[in-house]
Amino acid sequence: MKHIRYVVISPVRNEEDYIKLTLDSMVEQTVKPIEWILVNDGSTDSTESIIKEYASKYDWIKLITLTDRGYYFPGTGVVNVFNNGYAAITEPNWNYVVKLDVDLSFDPDYFETVLGRMETDPKIGLASGWPQLPLDGGWVKEEVQPDHPVGPSKIYKKAAWEAMGGLLPVPGWDLADVLGAQMHGWTTICFGDITLFHHRISGVRRSGLWSRKFLQGRFEYRHGYRFIYTFLKATRAAVRERQPAELIAKVSGFIWAAIKHDEPLFPQAMQMFLRKKQLHKLAELLHLRTPPTTN
C-alpha cells in the first residue's frame, strides 16, 4: 500500500455537530492521505475553529475558507466548492482523489480496504463503502444501488477521473460521475461489506417532503430519465415508506418539467446511456430478460 497516494477534498458548511467524528476517523486511518483539503464554505458556527485545531496538529490537514454566500447551495454549489479544493492540491503525484463529506465516521482501515480492492481490480474506477443511517435507535443499511458509489464518500482512480473530465457542475453531479465513468468502460461499485456511518440523513437540510420530491421529479426529467422508470421507482418508495404523497409529488414534478420543457442537465450521450441502463433494469424487473449466470 506504500505506493498509494490519495488526496481528500471536503466541502464543509456549518458542520460543528459531526465534523469531529470525521476528523477523528481520518486521523486514525491505517493509510492516511498525503493531503486533506477542507474547504470551509462560509460557515457561521464553530466549524472553522475545529478544523484549525486539527490542522495545527497534522500538516496533511489543510483549510481553505470561502466567503459566506449567505445560504446553502446543494448540487452545483457543492461541485464549485469541491473544485476550489481541487485547485489547491499541492501534491501532484496522487493516484486517487476523494470527495468526502464531514458528517461520516468509519473504521480505521476504511481507506486501506477500499483502495486495496481498487488496486487489486484495475477496472474499478470509482468506489465507496456502503452507508448506514441512524434510525430507530440503531444503524440501518441505506438502500443504494450496488453500482452507484454514494455521494458522501467518492473515491476516484486518477485515470477514471481524467477520462470523466472531473465533476459535472449540475444538480445530479453524483449520478453524472457514475455514468461518465461507466461510459468510459470503468467499473463503479459500492462495497456492501465496507461500512460508512452517515450521521446526518440525506435531505434534512432541505424543505418538506412534497417540495423535495417534486424537485427530484423535475431533476429526473432533466437528467433524461424514462417516465416509466421514475414512476415505478417512486411507486416502490411510496409503498415502502407508506407515503403516497411521495409518488404524487415526484410524478407531478416530472410532468411539470416535461410541460415546461425544462433544459436538460446532462449531455445527450449521457442521457442515452442512462436510458439504456434503465431499459435493461426494467427488462429484468418485468422478467423480459434472464440475467446472465455466473460460474
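The model is predicted, so local features need pLDDT of at least 70 and side-chain atom pairs count only at pLDDT 80 or more, whereas totals for chains, interfaces and linings use all residues. Residues are numbered from 1 along each chain as its sequence is written, and side-chain values use heavy atoms, without hydrogens and water.

**The nonpolar patch.** Select Phe227, Ile228, Phe231, Leu232, Ile255 and Ile259, which form a nonpolar surface patch of about 490 Å². Such a patch holds nonpolar side chains (Val, Leu, Ile, Met, Phe, Trp, Tyr) joined within 5 Å, from residues with over 30% relative accessible area and no salt bridge. A salt bridge places a side-chain nitrogen of Lys or Arg within 4 Å of a carboxyl oxygen of Asp or Glu. Areas come from the Shrake-Rupley method with a 1.4 Å probe, and for residues only the protein chains shown count as cover. Helix α8 gives the largest share of the patch, 4 residues. Helices are DSSP runs (H or I, at least four residues), and strands likewise (E, at least two), numbered from the N terminus.

**Leu232.** Within α8, select Leu232, which is partly exposed at a relative accessible area of 31%. Buried means under 20%, exposed over 50%, and partly exposed in between (1.4 Å probe, protein chains only).

**Arg242.** Move to the loop between α8 and α9, where Arg242 lies. Its phi is near 55°, a positive value in a residue other than glycine. Arg242 counts as exposed, at 75% relative accessibility.

**Asn14.** Finally, select Asn14 in the loop between β1 (6-12) and α1 (19-27). Phi of Asn14 is also positive, near 50°, and this residue is partly exposed at 29%.

**The second largest pocket.** Select Gln182, Phe273, Lys277, His280, Lys281 and Glu284 to show its lining. A pocket is an open set of points on a 1 Å grid over the protein atoms alone, where a 1.4 Å probe fits, with protein on both sides within 12 Å along at least five of seven lines; lining residues have an atom within 4 Å of a point. Helix α10 (residues 268-285) gives the most to this lining, with 5 residues.

Definitions and conventions. Patch = residues over 30% accessible without salt bridge, like charges linked within 9 Å, V, L, I, M, F, W, Y side chains within 5 Å.
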